[in-house]
Amino acid sequence: MASNGKQPAGAIATRWVEIGVAVALVVVGAIVILDSHRVGVGWAPDGPRSGYFPNIIGWILAAVGAWIVGETVYRWKSLESKVFVEREQLKPVLQMLLPTIAYVALVALIGIYVASMIYIGAFMRVQGRFGWLKSLAVAIAVPVAIFLLFEIWFLVPLPKGPVENLLGY
Amino acid sequence: MEEIGNLMHGFAVALTWHNLVFMLVGILLGVLIGVLPGLGGANGVAILLPLTFTMHPTSAIIMLSCIYWGALFGGAITSILFNIPGEPWSVATTFDGYPMAQQGRAGEALTAAFTSSFVGALFAVLMITFLAPLVAKFALKFGPPEYFAIQLLTFCSFVGMGREPPAKTIAAMMLGFALAAVGLDTMTGTLRMTFGQTQLLQGFDFLVAVIGLFGLGEIFLTMEEGLAFKGKSAKIDPAVVLRTWAQLPRLWVTSLRSCLVGCWMGVTPGGATPASFMSYGMARRFSKDGDKFGEGQIEGVVAPETAAHAAGTSALLPMLTLGIPGSPTAAVLLGGLMIWGLQPGPLLFVEQKEFVWGLIASMYLGNIAGLLIVLTTVPWWAAILRIPFAIIAPVIVVICAIGAYTVHNNMFDVVMMLGFGVMGYLFKKLRYPLAPLILALVLGDMAETSFRQSMLLSGGSMSIFFANALVGSIVTLAILLLCWPLIGYLLDRWRASQGRPKRA
Amino acid sequence: MDRQLICRSLAAAGVAAAFAVTPFAASAAWEPTKPVEFVVPAGTGGGADQMARFIQGLVAKNNLMKQPIIVVNKSGGAGAEGFLDVKSSKGDPNKIIITLSNLFTTPLATGVPFNWKDLTPVAMLALDEFVLWVNAESPYKTTTEYMTAIKGGSAGQFKMGGTGSKQEDQIITVALEKSVGNKMTYIPFKGGGAVAVQLVGKHIDSSVNNPIEAVAHWRSGALRPLCVFDSAPMPYPTKITATQSWQDIPTCKSQGLAVEYQMLRGIFMPPGVTQEQVDFYIDLFKKVRATPDWKKFTEDGAFNNTFMVGKDFVEWVTKAEGTHKTLMQEAGFIAK
C-alpha cells in the first residue's frame, strides 16, 4: 500500500474498496441471519437449534462490517491519499485475473487438459514473451504429465471434454 | 523390557530387501502426493491398496504407511515455496515458511520443516512403542464434551490479536464460521444456507478456500510487482542443511511442546490440522519473538510441522487399537487391514504381533529413509523458484485448479477457488488476516457438532464442560490461554504501578 | 510374488493405455470403454466406502473387467451430491453408484429432489444388519432387561448413539422408543466406528452399529450384543468370542422388541442406459460374489447375503421406500 502524498490519476482509492468489502460483509451477515431464522434460532430443551450459532455469527459479522464502514466514513478525509492499487500495478493483476477467469470457464467447457494447454501456452507467449517453441513445449508437457499422473497412475478423474472423448476417455 | 524385544523382532521382519524397496517406493510416491494439492495420502493408499492384496500384509502396510510418511513430509514443500499448502496440515507452515522463502531462505525453511517432521514422528513412534495400551485407554476417555474442550483449546491458543485491526480479525473469523455452517447440519439433518442450490450441498471445503486465499491470492499480489518472484535470489547450496541444523537445538522447548501437542491431538483424535494450528499458536504465544511470527521465523515452521507429523503418526494408534481412523488416509488403511483379513481393534496387538511390530519398526525406518530422501532434494526444490514467473505462474494456477476440483470432484469448487483468490487479494491488501478465517472454517463445524452433542448428553446444561477433571482442566486451560494477553497486560501494569508512586 | 505384482500393475496400465487408442474394439456384448466411475454417496472409511473399495480391489485382483474401477466419494448433503451426480449423467454407462439407506432418507429428510426411480436399478449386493449393542460392563445381559430399564427410567435418560441425523440409526431408535413406550436421547455422530468407540468409552448407553463396525470391540470383550433387528438370526456359526457366534445373537422380535430393519447395499446406474449395459454389471457382480474373498468379506461383516436383480429388486426397493416413508412420517423426519 503506497501512500505517496497526492493520489495519482487513475488509481483506485483504498477507502472505496474498504467500504465495498465491508458492505459485502454486512450483506453476508444479513443472509446468514435470514437463513438462520428459517431453520430456527432458539435454544431447544436439548441444546441449540440449527440456526442458533449461525444467527449469532451473522449478527456479529454484520455489526463488524457496519463498524468498518462507519470507521472508514469517519476517517474519510484522512484516507484520501491512500491508494489501493495504482494503474500500472492493476494492469498486471488484471492480466493474471482475466485469463484465469477465462481458463476456469474453458475448463468447464472443454475439460482441464486442453484448457491448460491453451492457458499455459498463451500466458507464456503473451505475458512472458517466450518463443513459440518453448511456449508450446511447456504447454504440452505439463498437461500430459498431469494426465499420466492423475488419470493413468492415480486413477483420479479430472474434467474432460470432447477432445478426450475422441481419444476414448 | 518386552517392547524392545518385540521391536527388534519387528526390525527383523521389516528389514528384508524387498521390504526396503517397498519403503523407498512408498516414500517417493508419498512425497509426490504430498506436493500436489490434488492428491492426498488417501488417494495414493486407495489406488495402491488393490495391488497389495496378493502381497504379504506386513509388506503391504509398510509400503502404504510409507506413502503416508512421504505425504506428511511433502505437504510442506509447496507451502513454503508457493504459499500453497499441499495438504491440509501444512496450512500453518505457510505463515512463516513462505515469508522465509521470499527472503531467499527457502532451503533453510525446507530443512527446518523436514527435520521437525522427523522429530515429531520419532517422538510419536516412541510413544506408540512403549505406551500404546495406556494411550489407547486415554483415548477412550474422550466423549463429545472433551472434543469440544480440545477444539476450544485449539481456538484459544491460536486467537489473539495480531498486528491487524481487531475489527477485521473478528470479521475474518466470523466469515470463516459462517462459511463453515453452509451445507448439511449433521445434528438435525437440515440444510443450512444452501438456498436450494445443489452446488452448495457439500458446503465450503477448507482446502478449496485455502488454495484460493493463499495460492491464487498470492499470485495476484505478486503480479503487482510485475513478472518476478521475490525468492528468485535463492542460491542452490547443499550446506544449507547443516547451517539450519545448527540453529535447531536452541528451539528444543518449542519442539518438545509441539511433539506433545501433536501426539495428544493425534491420539484423541483431534487430527493433524488442528494440531498444527494449536502448536503454531502456542509457539507464538510463548516465544519471546512472538510478535515477529508471520515475518519468517524459523520457529513458526518448526512448531506446526513437528505437531502435524507427530499427530499424523500417532493417529495410527487409535486406528490400530480402536478401529477409529484419525485421518482420511488412516480410514483407507483401515479398510486395507480388513481386506487382508486383519481385524483392527484391541486384539490386534495380541493376535498379530508380527504385523503390528513390523509396522512399528517400519515407522522408524520409513521416517529415517524419508528424511534422508527429502533432505537430499532440498536444493532442487529451492531451485524451482529460479524458474521464470511467466512459466511457473500458469502452472501453479493449473495445479490449484486441479487441487480444488479433486476435493469433491466438482467443477463448482474451481469457480469458488477463483472467488476465494480474489477475496484473498482484497483481504491481504485491506489487512484482513486470513489465518483466523481458515481456522474458523476448519474448526467451526467440528466445534458446533461436539458442542451440540454435549448439550444433548447433558440435557442442555453447560455444567457438562466441568463434569470431570479432564474436561474441566482443558476448558480452564483454554480460557486461561484466551485471556493470556489480558493477564500479561495487567501483570505489566501492576508491576509498573509498583515502581511508581501512588496516584492521588 | 511381489515383483510379479508390480509387473501386473504395469501391464494393467499398459492395457488401459492400449484401450485408449482403440475405443471401438468390436465385441458381441457391451463392455465399458473407459474406466468405470464407482460413486460412493458417503465419506471415506464408512461401510459403503469399504465395500466399494473392496469390490474395486476384487475386480482388479481377479481381472473381472478390462477397464479399472475408480471409487469416487461424493458425500455432500448426506449423499445427495452423489445421487444427483448419477441422476444428471443420463445415459452414461461407465458410472455406477453404491447405495446406503440414504437413497430413501436423504430426499425425504432434506427435500433434495431425487428418487431411486431417477436411477436405473442394477442389483442388490447384500443387506447390512443392525445389532443392538451395550457396553459389556453395563448390567443389561438381555434385551428384555435393557428395555425394562428404559421403560422404568425418565424420558431421555438412556442415550443412543448413531450415525447421522434422520437416517437409519435414528429411524431404528424411534421405532425402538415406540415399541418400548419411552423416549431415549439420540446423539448423532459422524461415523459408525466413532459410535462404537463412544460406547466402549461409556459416553453413550447403547448403539445400533452394523456388525462390521463393532465386531472388534465385541471380540475384545468391551461390547455386548443384545439382539439383531432381523426376522431370523444371522447364519454365521463361526465363534467370534470364546462362547458366542453371530448365530447366537437372538432376533429382537423374539425378545419382545418388534423392530426389524436392514440396510440396502445395492448398485444403481444413471437413467437412460440400455438393458445390455445393465446386464454387463449384473454379470460382473455375479462374478464378484462367486469369489472366496467376497464370501469371507460377508462373513466377517455378518451381511445378509441376499442377491436380487431385475423385477425382484425393483419390487424390494419399492417396498423399502414405502417402509421408510411410513417410518419417517411417524418420526416427523419429513422435510416440509
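Two residues are in contact if their C-beta atoms, placed from the backbone, lie within 7 Å. This is a predicted model, in which local features need pLDDT of at least 70, side-chain atom pairs count only at pLDDT 80 or more, and totals for chains, interfaces and linings use all residues. Residues are numbered from 1 along each chain as its sequence is written, while chains are lettered from A and ligands numbered from 1 in the order in which they are written.

**View 1. Contact between chain C and chain B.** Chain C brings 48 residues to the contact, and chain B brings 48 residues. On the chain C side, α2(C) gives the largest share, seven residues. Helices (H or I, at least four residues) and strands (E, at least two) are DSSP runs, numbered from the N terminus. By class, this side of chain C has 19 nonpolar, 19 polar and ten charged residues. Ala, Val, Leu, Ile, Met, Phe, Trp, Tyr, Cys and Pro count as nonpolar; Asp, Glu, Lys and Arg as charged; the others, Gly among them, as polar.

**View 2. Contact between chain A and chain B.** Here 55 residues of chain A meet 49 residues of chain B. Elements supplying at least two residues to the chain A side include α1 (14-39), β3 (47-48) and α5 (132-153). The largest share, eleven residues, belongs to α3(A). This side of chain A has 43 nonpolar, nine polar and three charged residues.

**View 3. The domains of chain A.** Domain 1 spans 12-85, and domain 2 spans 87-166. These bounds come from an automatic or database domain assignment. The C-alpha centres of the two domains lie 37 Å apart.
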